[in-house]
Amino acid sequence: MLRVENIYKTFFPGTINEKRALQGLSLHLQPGDFATVIGGNGAGKSTTLNAIAGVFAVDSGKIIIDGEDLSKKPEHKRAKYIGRVFQDPMMGTAAGMMIEENLALAARRGKTPGLSWSFNDEQHEHFYEMLKELDLGLEERMTAKVGLLSGGQRQALTLLMATLKKPKLLLLDEHTAALDPKTAEKVLGLTDKIVKKDNLTTLMITHNMRDALRFGNRLIMLHNGRVIIDVQGEEKKNLQIPDLLEMFEKASGDTMDSDRLLLG
C-alpha cells in the first residue's frame, strides 16, 4: 500500500543551518498495517509524514501509494489518497463553519473544488449517525461553529473528517499530544476503533512508548532520518519498554531520552 524508497531530504543545504532530516529512509506498509512511529527529537518523524503528504519535495527517492508513484506530485494531488490529523486541534477544520459544513467539505476530499459542497438530507442523517458513534454529543450540535468546540471534541471531529472517505493512507502526527491525558485516551480509543473498523493503513507518530506498544500491529523507530527498528506481529506484542530501550541502544549506539518518551 505504501512504499517509501530511499528518500533523502536536507533543509537549507550549503548554509550554516543545514539539516539532514532524512537520510535514505525506506518504509513499506502492507494494506491494513497500523504502524506506530517513535523516535527522539530530530529523528525525522514529522518530516517523514510531511514528505509522504507532499508538504515539500524530497531531494531523491520515491513515495508510492497504492501502486502510484506520487514522488513528484504536489500536496493537493495526494489529497485523494491521504487522510491526516495534526498535533494542533486547530488544524484540519474550519473554525468559522458549522460541524455539518466541515463534514460536507471532508466528503468532497480529492474532488475538483466547486460551489456545490453543501449537503442534502441523506448526508445530514449520515453525518448524524457518524457523530453519534463518537459518543461526545456532537450529533446534537451539528449547527455549532467548530471554533466553539473543546480541543478533544475538535480532534475527534478532525479524525472523523480524515477518515470519512476511507483514505488509502491515514497519517496521525502526534494527534493527541496537545490534549489532557483523559481526553487523549478517549481520542486514541476512537482512533483504534476507526482504524480497525475500516481496516485503514495507518502511520501514527507518538512520543509515548506505552502508546507505541499498545496500539497497532507494527512499531517503527527512527533515528537520524532512518528506520532503525521495525517490529510487528507477535514480536511487537511481546515487547516491553526495557526491551525497546535496549533495542534502540543496540541499533543506534546511542541512548534515548526515555523519560520524555514514557510520559510525552
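First stop, the aromatic rings: the count here comes to one aromatic pair. Keep in mind as you click around that this is a predicted model. Select Phe-11 and Phe-56 and show their side chains. The ring centres are 5.3 Å apart with the planes at 85°, and an angle over 60 degrees counts as edge-to-face. Now colour the chain by residue number to see what the pair links: Phe-11 belongs to strand 1 (residues 2-11), while Phe-56 is in the loop between helix 1 (45-53) and strand 4 (60-65), 45 residues apart. Turn on a surface and check each ring. Phe-11 is partly exposed, at 24% relative accessible area, whereas Phe-56 is buried, at 17%.

Switch to cartoon and look for the open sheet: six strands in the order 6-7-8-3-9-10, with mixed pairing. Strand 6 (82-85) and strand 10 (226-232) are the edge strands, each pairing on one side only. Ignoring direction, neighbouring strands in this sheet are turned by 20° against each other on average.

Select strand 7 and strand 8 (residues 202-205) next; they pair in the parallel sense over four bridges. For a landmark, pick Leu-170, which stands opposite Thr-202 of strand 8. Then bring in helix 5, which lies across strand 6 and strand 7 and runs at about 175° to strand 6.

Move along to strand 9 (218-223). How many of its six residues are buried? Six of the six, so strand 9 is largely enclosed by the rest of the structure. Show the side chains: Arg-218, Ile-220 and Leu-222 point one way, and Leu-219, Met-221 and His-223 point the other.

Strand 3 (residues 34-38) runs parallel to strand 9, joined by four bridges, and Ile-38 stands opposite Met-221. Strand 10 runs antiparallel to strand 9, with six bridges; there, Arg-218 has Gln-232 as its bridge partner. Strands 9 and 10 make a hairpin with two residues between them, and in the turn Asn-224 has a positive phi of about 50°.

At 16% relative accessibility, His-223 counts as buried. Leaving aside neighbours within four places in sequence, His-223 is in contact with Ala-43, Ile-228, Phe-248, Ser-252 and Asp-254.

**The nonpolar cores**

Select Ile-99, Leu-103, Phe-127, Leu-131, Leu-134 and Leu-157. Of the 31 residues in the largest nonpolar core, these touch the most other members. Helix 3 (99-106), helix 4 (121-134), helix 5 (151-163), strand 7 (169-173) and helix 6 (181-198) each give two or more residues to this core. Which of these gives the most? Helix 5 does, with six residues. Apart from this core lies another, of 27 residues; pick it up through Ala-43, Ile-65, Leu-169 and Leu-203, which are among its members.

Next, jump to Met-142, in the loop between helix 4 and helix 5. Is Met-142 buried or exposed? It is buried, at 5% relative accessibility. Not counting residues up to four places away in sequence, Met-142 touches Met-98, Ile-99, Glu-100, His-124, Phe-127, Tyr-128 and Leu-131. For a distance check, draw a C-alpha to C-alpha line from Met-142 to Thr-176: 23 Å in space, for 34 residues in sequence.

**Last stop: salt bridges**

A search of the whole structure finds 16 salt bridges. Start with Arg-214 and Glu-185, whose closest N and O atoms are 2.9 Å apart. Arg-214 is in helix 7 (residues 209-214) and Glu-185 in helix 6, so this pair ties together parts 29 residues apart in sequence. Both are partly exposed, Arg-214 at 45% and Glu-185 at 40%.

Then try Lys-197 and Asp-198, with closest N and O atoms 3.4 Å apart. Here Lys-197 is exposed, at 52%, while Asp-198 is buried, at 17%. To finish, select Asp-33, Arg-218 and Asp-230 together: salt bridges that share partners join them into one network.

Key
Residues numbered from 1 in each chain as written. Predicted model: local features only at pLDDT ≥ 70, side-chain atom pairs only at ≥ 80, totals over all residues. Heavy atoms only, no water. Phe/Tyr/Trp six-rings, centres within 6.5 Å; stacked < 30°, edge-to-face > 60°. Buried < 20%, exposed > 50% of the residue type's maximum accessible area, 1.4 Å probe, protein only. Core = buried A, V, L, I, M, F, W, Y, C linked by side-chain atoms within 4.5 Å. Pairing = 2+ DSSP bridges. Axes fitted to C-alpha atoms, helices over the stretch in contact; angles between N-to-C directions. Contact = heavy atoms within 4.5 Å. Salt bridge = Lys/Arg side-chain N within 4 Å of Asp/Glu carboxyl O.
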